[in-house]
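Visitor: I would like to go through this model term by term, asking what each label rests on. Could you set the values against the definitions as we go?

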Amino acid sequence: MEAMIERCAGLDVHQETVVACVIFGPLDKKPKTSIETFSTTTTGLLALSDWLATLQVSDVVMESTGVYWKPIWNILEGSFHLVLANARHVKNVPGRKTDVKDAEWLAKLLRCGLIESNFVPPEDIRDLRDLTRYRKKLIHHRTSEQNRIHKILQDANIKLTSVLSDIFGVSGRRILEAILNGEKIETDGLRKMVDWRTKASITDIASAINGRIRRHHRDMLRYHWEHMSYLEKAIEELEKQIDQLLSPYRKEVELLDGIPGVNKAAAATFIAEMGVDMSVFKSAKHLASWAGVSPGNYESAGKKNE
């Protein structure tokens, strides 16, 4: 194999240690090898960075297994040209497997230019991705709590969902809070709670909330209500942080927001998952594959199964 990089390093990353193998020397001669093991603590990774700099390493490769590569990437980023390799593409030959062999194998592949790097977005995009993915999880949790409230209302024979399209709207929240507090809801009080835009009549709403609610129902409703309120507050705070990180990308957000069916929340997710530099993708097909919207293609005996 023809060498292309004079000084490169391969890192075999684990939870507590990282084995580094540096291969260096003229491209037309047999290279030298230097191998060291470092701790994955911040002190150990800084020592790794200094050691690589001392050997004048220009390129460093590591596998994208688990999450253990991330702190190493964060410390080495900016000092070296980093390559994140797909573990399936750089699998070593079976037999004689050791951490040293793995690191050396990665370094050899990198020296010959045989490793294609995975796309790793810039730091601010990675931070945005963490926030948008966590927002999605919190929204799912909030929906679960709302579904539990629906279930308890049905158990108490309160048919609020039959007269209100959204029981977590303005009118529904006022009525639910009154139920939680054990208030006796009369017609005059109900008229003040219901928003003027509500289509259902006061009589129908009063009949719907006339159920058989027990202390147990109120307790369970309170647990779910308080958790839902906490999640809504957390989502609101996340939205503010996401908006701050999107400040440098207002133009891209506006362009994405102009697409039918895409709102600002979806635009933030697009930017978080794919970044704004489309030159990192070879083609539209690669972009679709990265976004997870490219179906698989499997052919066997002349038959294709997607």
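Visitor: Why is F38 called buried?

Guide: Buried means under 20% relative accessible area, exposed over 50% and partly exposed in between, with a 1.4 Å probe and protein chains only; F38 has a relative accessibility of 13%, and therefore counts as buried. W51 has a relative accessible area of 15%, so W51 is buried as well. This is a predicted model, in which local features need pLDDT of at least 70 and side-chain atom pairs count only at pLDDT 80 or more, while totals for chains, interfaces and linings use all residues. Residues are numbered from 1 along each chain as its sequence is written, and side-chain values use heavy atoms, with hydrogens and water left out.

Visitor: What makes F38 and W51 an aromatic pair, and a tilted one?

Guide: Rings of Phe, Tyr and Trp (for Trp, the six-membered ring) pair if their centres lie within 6.5 Å, and planes under 30 degrees apart count as stacked, over 60 as edge-to-face and the rest as tilted. F38 and W51 are 5.5 Å centre to centre with 50° between the planes, so the pair is tilted. The pair links distant parts of the chain, since F38 belongs to strand β3 (residues 32–39) and W51 to helix α1 (residues 42–54), 13 residues apart; helices (H or I, at least four residues) and strands (E, at least two) are DSSP runs, numbered from the N terminus.

Visitor: Why is the pair of W69 and W73 called edge-to-face?

Guide: The angle between the planes of W69 and W73 is 85°, at 5.8 Å centre to centre, and the pair is therefore edge-to-face. Both residues are buried, and they lie in helix α2, four residues apart, about one turn of the helix.

Visitor: How do you know that T132 is buried, and what is T132 in contact with?

Guide: T132, which is found in helix α4, has 5% relative accessibility and so counts as buried. Contact means heavy atoms within 4.5 Å; leaving aside neighbours within four places in sequence, T132 is in contact with I242, A268, T269 and A272. One of these, I242, is also among the buried residues of α9, and what covers the buried residues of α9 includes α4, α6 (170–180) and α11 (264–274).

Visitor: What makes a space a pocket, and which residues line the largest pocket?

Guide: On a 1 Å grid over the protein atoms alone, a pocket is an open set of points where a 1.4 Å probe fits, with protein on both sides within 12 Å along at least five of seven lines, and lining residues have an atom within 4 Å of a point. The largest pocket is lined by N86, H89, E116, S117, N118, F119, V280, F281, K282, H286, S289 and W290. F119, F281 and W290 form one aromatic cluster.
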